[in-house]
Amino acid sequence: ELEFELGMAVLGGKFTTLEGLLKDIRELVTKNPFTLGDSSSPGQTEKLQEFRQKMDQIIDGDVRAHLIMDDPAGNSYLQNVYAPEDDPEMKVERYKRTFDQNEELGLNDMKTEGYEAGLAPQR
């Protein structure tokens, strides 16, 4: 609905509600000194105001939206208040990471087998 994507580790680690997460994203985007101020274009400022209005409507519950949390590292947790039953409002998809996702996480060059043979020499 917002056509917005946020990269990993931008908000840091936090324990919060979905509303708190959306508020943090709104503040991060709309109060960013690199997108505001003297160097920003009128079109950019207008788009930021529109984004903020849409976020406010979603946070207030006036507009329905979908949140897709794609976490290749598996470091995110969403509490299922219906547990042990499935949450009818939440869809969980498990998948194998792509090469590019592993690359971004630094896993492609990690040696996980036979590393014992290459131990550093004793000092």
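**View 1. The salt bridge between Lys 14 and Asp 24.** In this predicted model, the side chains of Lys 14 and Asp 24 come together in a salt bridge with an N to O distance of 2.6 Å (a salt bridge being a side-chain nitrogen of Lys or Arg within 4 Å of a carboxyl oxygen of Asp or Glu). The two residues are 10 residues apart and link distant parts of the chain, Lys 14 being in the segment before helix H1 (18-30) and Asp 24 in helix H1; helices (H or I, at least four residues) and strands (E, at least two) are DSSP runs, numbered from the N terminus. Lys 14 is partly exposed, at a relative accessible area of 41%, and Asp 24 is likewise partly exposed, at 27%; buried means under 20% relative accessible area, exposed over 50%, and partly exposed in between, with a 1.4 Å probe and protein chains only. Residues are numbered from 1 along each chain as its sequence is written, and side-chain values use heavy atoms, with hydrogens and water left out. Because the model is predicted, local features need pLDDT of at least 70 and side-chain atom pairs count only at pLDDT 80 or more, whereas totals for chains, interfaces and linings use all residues.

**View 2. The salt bridge between Arg 52 and Glu 27.** Arg 52 and Glu 27 form a salt bridge in which the closest N and O atoms are 3.7 Å apart. This pair also links distant parts of the chain, with Arg 52 in helix H2 (residues 42-60) and Glu 27 in helix H1, 25 residues apart. Arg 52 counts as partly exposed at 26% relative accessibility, and Glu 27 is partly exposed with a relative accessible area of 26%.

View 3. Glu 89 lies in the loop between H2 and helix H3 (99-104) and Arg 64 in the loop between H2 and H3, so the pair ties together parts that are 25 residues apart in sequence. Glu 89 counts as exposed at 64% relative accessibility, and Arg 64 is exposed with a relative accessible area of 71%. Elsewhere, salt bridges that share partners join Arg 26, Glu 27, Lys 31, Arg 52 and Asp 56 into one network, and the count by this rule comes to nine salt bridges.

View 4. Most residues other than glycine have a negative phi, and most peptide bonds are trans. Ala 83 and Pro 84 are joined by a cis peptide bond, with omega about 10°, and Pro 84 is placed in the loop between H2 and H3. Glu 3, although it is not a glycine, has a positive phi of about 50°. Glu 3 lies in the segment before H1 and counts as exposed at 83% relative accessibility.
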